[in-house]
Amino acid sequence: MKRNCLFCILLPLMVSCQGTSLFKDNIQKLDPATKASIQMKVNDFSYRLYDIVNDEFADENVVISPLSCSNAVSLAGLGASGDTFDEIASALGTDAISNEELGSYSYEVWKSLKDVDEKVTVVSANSIWLGDDFHVKSDYKKQASLYYDAKVSSVGASSAGKVINQWVAEKTNSLIKNAVPDDFSLQDMAFVNAVYFNSPWPSEPRKTSMPFHAIDGTASSQSTIMFEEAFLSFSNDKWQYVSLPFGEEKTFCLELIQPKGASDLDISKDVAAIRSAAKKNHLDVYIPIIDITTSTTLDGALQHLGMKKAFKSSADFEKITDKPLCLGTVYHNAMIRVDEKGGVGAASTVISGPTAAGPGEEIRFDQPFVFFISEATTGTVLFIGHKLK
């Protein structure tokens, strides 16, 4: 059985949530219609990427960060031209959107997130690394810094892996220590993003246990956390949904969608209606502790989405350099842990050059379900995955 997981309103955060000097006064403010149009386009990339990864992990727990991947891809797309740019824009879902509009959109999302809750830590940091004797154009550096707060640094080919891993570990509070393999060697260029999320619950839930019915039909007793409060929820004969708030302001949340009586997690046709129909109800909610780590590569998925020329020797990155340049392996790492203390997640994406390596009294999430961590006021989803066992 094919199990496709979907989430709704995925807004990749394409800028850093650190510092105050990133954006200048000359960045335009988007009108509501333009902002809504961009929002719809970037959402689609997140779903299509996750859909492909979900097929690969159809029998395993998985978590990825479309936010992290979109950051790294956007940094590359900023320097692309011709068919290469068109394919990247199409894959991201940003056709007919200028880099200036996308940058402005990114800034507005960043601005709305960085101070939304003092109890919640959110980081999305970008960097660009150059191999020995490889140089990029000054205009590209300015654009990367202006819109994505990405610093350009040179690093020796043999030490690149160690340096990039140290940078990612620093940005993710050491949760992602091996963003690239130990033998990673950089000849030309790498685009890097790191994401980190950490939030407590508004009040500590009660720890207990319950049986969990895995995708293979087996059942096991798992550590569980139980909440007693009024939550946004929805239930019908097919799905049950609940949104559990994080932090002090309760704008970030853990959302879970579970099918009733089946293991099919294909929610693509229903998720928007589910979320819009959710209402506040007083519930006892039981969820197993989520502790998932995923390490994978996404260059195949991105090519499947249409980004083919960017990975070929004929790629056109003339806004970055006049030398031949194309993309290579896309390393992606993500982890998430949700327990009685709160939620912690981290992710990294490294794009290398080709030479690198329902309302009721009780809801129990006791069978496979989809989860995502999101922020309510912007709709931004930082992490998404599924628990099958």
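Biologist: Which residues are linked with Lys137 in a network of salt bridges?

Modeller: Lys137 is joined with Glu318 and Asp322 in a network of salt bridges, and please keep in mind while we talk that this is a predicted model.

Biologist: OK, and how many salt bridges does the structure hold?

Modeller: There are eight salt bridges in the structure, and one of them is formed by the side chains of Asp83 and Lys309, with a distance of 3.8 Å from N to O.

Biologist: Where do Asp83 and Lys309 sit in the chain?

Modeller: Asp83 belongs to helix 3, which covers residues 82–92, whereas Lys309 is in the loop between helix 8 (299–304) and strand 11 (330–339). The pair links distant parts of the chain, 226 residues apart.

Biologist: How does Asp83 count in terms of accessibility, and what about Lys309?

Modeller: Asp83 counts as partly exposed, because its relative accessibility is 46%, and Lys309, with a relative accessible area of 24%, is partly exposed as well.

Biologist: What about Glu340, which residue does its side chain meet in a salt bridge?

Modeller: The side chain of Glu340 meets that of Lys207, at 3.9 Å from N to O.

Biologist: Is Glu340 buried or exposed?

Modeller: Glu340 counts as buried, because its relative accessibility is 16% and the cut-off for buried is under 20%.

Biologist: Switching to helices now: at what angle do the axes of helix 2 and helix 5 cross?

Modeller: The axes of helix 2 (residues 66–77) and helix 5 (residues 138–148) cross at roughly 150° and come within 10 Å. Since angles over 145 degrees count as roughly antiparallel, the two helices are therefore roughly antiparallel to each other, and their crossing is right-handed.

Biologist: Which residues of helix 2 and helix 5 meet?

Modeller: From helix 2, Asn71, Ser74, Leu75 and Ala76 take part, and they meet Tyr140, Ala144 and Tyr148 in helix 5.

Biologist: And how do the residues of that contact divide into nonpolar, polar and charged?

Modeller: Five of the residues in the contact of helix 2 with helix 5 are nonpolar and two are polar, while no charged residue takes part.

Note on methods: Residues numbered from 1 in each chain as written. Predicted model: local features only at pLDDT ≥ 70, side-chain atom pairs only at ≥ 80, totals over all residues. Heavy atoms only, no water. Axes fitted to C-alpha atoms, helices over the stretch in contact; angles between N-to-C directions. Helix = DSSP H or I, 4+ residues; strand = E, 2+ residues; numbered from the N terminus. Parallel < 35°, antiparallel > 145°, perpendicular 65-115°, else oblique. Left-handed = near helix turned anticlockwise from the far one by under 90°. Contact = heavy atoms within 4.5 Å. Nonpolar A, V, L, I, M, F, W, Y, C, P; charged D, E, K, R; others polar. Salt bridge = Lys/Arg side-chain N within 4 Å of Asp/Glu carboxyl O. Buried < 20%, exposed > 50% of the residue type's maximum accessible area, 1.4 Å probe, protein only.
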